[in-house]
Amino acid sequence: MKRILFCFFLLFIGKFCSAQFSDFIIIVSNADLKEILENPNSIKGYINSNIYKSPNLELAFLNKKKSINGEHYRFQLFWLNIPIENAVLNIFKSDISNKNLQILCPFFEIDLPKVSLSNHSENIVWTFQKGDYIPLIKIQNINDGYWYYLNSFEDTVFKIDSRQYFHNDDSLIKAYVFYPDPLSSTGKNYGDTGFIDNGDLNSIQLFQARVLRPVKVKYLNNRIVLVNDIYTLNTSFGVGTQAPVINDTIINIPRNQPGFEWINSYYHITSFTNYVNSLGFQIPDFPISIDPHYSGNDASFFQYMPAIGSGLLAFGDGGIDDAEDADALVHEAGHAVIIASSLSTPLGSERRSMDEGICDYFAASYSKNITENAWTKVFNWDGNVTWQGRSVQSGRKYPLSPAATIWLNGQIISEAMMRVRDSLGSQKADSAFICALYSLSANSTMVDYARAVLSCDTSLFGAANSKIIKDAFEFVNIMVWPLSNKDAQIKKNPFIIKNSFGFGIGESLIIEKNDVQIWQVELLDIQGKVLDQFEIQDKMSFYSNNKIAKGIYFIKIKSPQNLEAYSYKLIKY
Ligand SMILES: [Zn+2]
């Protein structure tokens, strides 16, 4: 496998979104929260005129989801009173700051055709088909559990699994898998006797390198099927291989048979997902098909399809089969976790590099929980024939190198994350890391992410780990500006500035001073233009400004005779 590809259907982007994609997150005051949640149409006017630029959109409450740091309220979008399939507005209310309310909008500048399917008016939805929104009739067939999407002639255009079909109980069986890969688990090197790919042939050493692990499966028609509430093994996307017939409660398939990648991919992807769930994050929360033999190419990917609300994890068989290596499996499953939490499409080189680095980190951390052998290498088994894998200790530093690929640049952030993990342990580190994914938007930078991790540490652990996190990111030159929990004292001056992060989200900045003089304070924009000025004399002064747009500002504090002046950078979100 030369590189891991991350594909994302740009269904909503190419047609409907402008360059302002990252402006999806709107932070509104707490005063508006109650009204918005009780009556979502109260924000409709604002959203229609500022984001969607369409008078024909309506919102209706869909559901409420609890994350570990707040609540997500979801609203279905309608156009001309017809729901748009999978177009959901997400409003986030933080448990921590009662002013940190975010509205995430799925797309904007809608211009849908006016079409009527009057015979079935109650079942019509807008669906995205081949570059256009078209209305289709959506009907669930209770016999096979699928949603059918029909045209006006009642022909099936497509169907999706509603997942009601597999409502039988979990059963615990055991399966032989690589754990996490045949080299890490044995401490062997590639090329040692028996430890070579050899065109996917078996060897006694690779046979014995498999480990018997418990795995949850379903029984369907008296047969074991590899499926759970999220994942389904499905070959209909790729070249197609037969699913193995499993009748035994111990799955014992050698690596040279296609069935081995079936069980190996199912085991590691569901294990990683169970781990994410165990930390309190119920993601991914959409159905995902796994195709462990997608193609003969040496590439794997995760693809999310907003139009049908489901995802595909596809693994190639070129070089060493990707689905034989937990690093490749968890890396791609990590992309699904990112998409499910951030509800945004990664755009731009830095955001995409960051996603690759975060997924490498997930893979390396998962493997290191199993064994510390060769833990700095990612893709320990897969990265030996056609490529050499990647590292979570590459020595790369921020900022990104314009000449490097997103996968190489991603190694900057994976190294920082691994350092945090090695200090805090994976559970604490991953709680903060996954929590921070929820705040990513399309063009987020590595600095944004580091800041979000610090913010999550504050909300989850009372900022107990802020120094460790800050040090780790600064080790790779990702500098994090002071947050509310760790505001800097301006060098040799009589001031302490506090709650600078809070200022950015509409709270008051706190200026503390230790003398009795009157000082002049100015708020400047990035061009140096004075936007506001006032005097302070008290030991503690408060200043907020909700009129300024988001961006970078400076607070300048000048002494009475104008002999001394101190500047402090602020960010308005
Ligand atoms: Zn990737």
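Reply: Within helix α11 of this predicted model, the buried residues are Met446, Tyr449, Ala450, Arg451, Ala452, Val453, Leu454, Ser455, Cys456, Asp457 and Thr458. What do they pack against? Their neighbours are the helices α8 (348-370), α9 (406-424), α10 (426-437) and α12.

With 16 residues and 1.5 Å a residue, α11 should span 22 Å, and the distance between its end C-alpha atoms is 22 Å, so expectation and model agree. After α11 comes Gly462, which has a positive phi near 60°.

Now to the partner helix α12. Helix α11 covers residues 446-461 and α12 covers residues 466-475; the two pack with their axes 10 Å apart, at an angle of about 170°. An angle over 145 degrees counts as roughly antiparallel, and α11 and α12 are therefore roughly antiparallel to each other. On the α11 side, the contact is made by Ala450, Val453, Leu454 and Asp457, while α12 brings Ser466, Ile469, Lys470 and Phe473. Sorted by class, this contact of α11 with α12 has five nonpolar residues, two charged ones and one polar one.

Three strands form an open sheet in the order β20-β21-β24, and their pairing is antiparallel. The edges are taken by β20 (495-498) and β24 (540-543); each has a single partner strand, so one side of each is left without a neighbour in the sheet. From one strand to the next, the twist averages 20°. Four bridges link β21 (residues 509-513) with β24 in the antiparallel sense, and among the paired residues, Ile510 has Phe542 of β24 as its bridge partner.

With β14 (residues 250-251), β10 pairs in the parallel sense over two bridges, and the bridge partner of Lys174 in β14 is Ile250.

Notes:
Residues are numbered from 1 along each chain as its sequence is written. This is a predicted model: local features need pLDDT of at least 70, side-chain atom pairs count only at pLDDT 80 or more; totals for chains, interfaces and linings use all residues. Axes are lines fitted to C-alpha atoms, for helices over the stretch in contact, and angles run from 0 to 180 degrees between N-to-C directions. Angles under 35 degrees count as roughly parallel, over 145 as roughly antiparallel, 65 to 115 as roughly perpendicular and the rest as oblique. Two residues are in contact if their C-beta atoms, placed from the backbone, lie within 7 Å. Ala, Val, Leu, Ile, Met, Phe, Trp, Tyr, Cys and Pro count as nonpolar, Asp, Glu, Lys and Arg as charged, and the others, Gly among them, as polar. Two strands pair if DSSP finds at least two bridges between them. The expected span of a helix is 1.5 Å times one less than its number of residues. A residue is buried if 20 or more other C-beta atoms lie within 10 Å of its own, exposed if 12 or fewer, and partly exposed in between; C-beta atoms are placed from the backbone.
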